[in-house]
Amino acid sequence: MIKFFNDLEKFRAQISKLNLGLNIDDVFNLDFAFFERHDKYTLISIPDYDVESENILLMHKDNCYLYTSKTFNNFQKRFKDILNKKYGESTIIILLLFRTILKNYSQEFLKIRSEMNSLDLSPSFDKIEESGRSLRKLTDRIEELVNLIITLKETEIKEFDVSLITFDYDMLNAEARYWLERCRSHVYRIASLRTKSEMLSNRELNVTMKRLTVIMTFLTIVGIIVSVPGTIGAIFGIPALSDAYFKQRTLGLVYALIFATILTIILGYIYWRSLKLR
């Protein structure tokens with residue numbers, strides 16, 4: 001008989017009544033797929049992508065106790081013949097549980113891929129790292145599921161008769177491996193997005209450095225232009241020089257100052273154009 005629970009307290013109370021010496025709270029604290037075969041029971045625990053959503057199946061004697069937030073609709077009708085066989089209920093419930101968990105993982109992969117598609121158009125280093133962490137977590141989840149699928153097939157446990165569902169179980173195994181390969185292939189895509197983001201950052205940095213170069217060049221040219229008349233004008237501030245040499249040639253000095261200033265502006269402009277800066 002299969003008993004479904006979506007209330008943790010009721011599930012905990014039911015397990016306590018069985019007197020199996022099992023602390024179900026320790027199972028809830030696990031962040032990975034867990035399988036335990038015991039003389040009195042068989043326990044399977046698989047988290048969804050979100051670790052707070054746990055799926056725990058306890059098989060004891062002829063009963064299956066399943067704690068999950070998922071629903072299994074109309075499976076009695078589809079697997080009617082198998083359910084009537086010995087250990088058919090526990091076998092089918094394991095198959096359906098694995099399918100729904102794999103569906104949860106595949107939906108999460110599509111979300112991550114959609115985010116990566118957006119990052120292809122507009123790379124953001126922080127978002128790329130976040131997608132990378134999500135993808136690594138999902139890859140670990142699917143790897144654990146694939147290993148558990150293989151382990152259950154190779155391990156002889158009476159509650160799970162794989163011969164009853166050979167085709168369905170092989171299809172499940174193939175689909176899980178498919179999604180695992182998809183995740184692994186997208187790990188390289190994360191590396192490509194990082195490279196693209198770094199190239200874009202370097203390009204923006206080069207643009208900024210070019211702007212700073214233009215500004216510094218402009219200020220240097222302006223400084224030279226200002227310094228020439230300033231230097232000549234400073235001569236007039238030295239009485240010994242101005243009285244001895246330039247007192248009678250004041251007008252000539254004014255013309256020389258104007259000429260030097262214009263010449264400096266022209267040379268500065270020619271130099272600016274030769275740099276081809278914008």
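Tutor: Happy to! This is a predicted model, in which local features need pLDDT of at least 70, side-chain atom pairs count only at pLDDT 80 or more, and totals for chains, interfaces and linings use all residues. Residues are numbered from 1 along each chain as its sequence is written, and side-chain values use heavy atoms, with hydrogens and water left out.

Student: How many helices and strands are there in the protein?

Tutor: Helices (H or I, at least four residues) and strands (E, at least two) are DSSP runs, numbered from the N terminus. Along the sequence the pattern reads β-α-α-β-β-β-β-α-α-α-α-α-α-α. That gives nine helices and five strands.

Student: What percentage of the 278 residues counts as buried?

Tutor: Buried means under 20% relative accessible area, exposed over 50%, and partly exposed in between, with a 1.4 Å probe and protein chains only. Of the 278 residues, the buried ones make up 36%.

Student: Which residues does leucine 152 contact, leaving aside neighbours within four places in sequence?

Tutor: Contact means heavy atoms within 4.5 Å. Leucine 152 is among the core members that touch the most others. With its sequence neighbours within four places set aside, its partners are Phe35, Ile44, Ile94, Phe98, Ile157, Phe160 and Tyr169.

Student: Within what arc do the buried residues of H1 fall?

Tutor: Helix H1 covers residues 8-17, and its buried residues are Phe11, Gln14 and Ile15. They line one face of the helix because, seen down the axis of H1, with the arc taken from the directions from the helix axis to the C-beta atoms, they fall within 95°.

Student: What does the buried side of H1 pack against, and which residues are exposed on the other side?

Tutor: The buried residues of H1 pack against strand S1, helix H2, S4 and S5. On the other side, the exposed residues are Glu9, Lys10 and Lys17.

Student: Is serine 131 buried or exposed?

Tutor: Serine 131 lies in helix H6. Not counting residues up to four places away in sequence, it touches Ile112, Glu115, Met116, Leu119 and Ile190. Its relative accessibility is 6%, so serine 131 counts as buried.

Student: How far apart are the C-alpha atoms of methionine 1 and lysine 61?

Tutor: Methionine 1 lies in the segment before S1 and, at 46% relative accessibility, counts as partly exposed. Not counting residues up to four places away in sequence, methionine 1 touches Asp62, Asn63, Cys64 and Glu89. Methionine 1 and lysine 61 are 60 residues apart along the chain, and their C-alpha atoms are separated by 9.8 Å.

Student: Over which ring does the charged end of lysine 137 sit?

Tutor: A charge sits over a ring if NZ of Lys or CZ of Arg is within 6 Å of the ring centre and within 35 degrees of the ring normal. The charged end of lysine 137 is 4.6 Å from the centre of the ring of tyrosine 49.

Definitions and conventions:
A nonpolar core is a set of buried Ala, Val, Leu, Ile, Met, Phe, Trp, Tyr and Cys residues joined through side-chain atoms within 4.5 Å.
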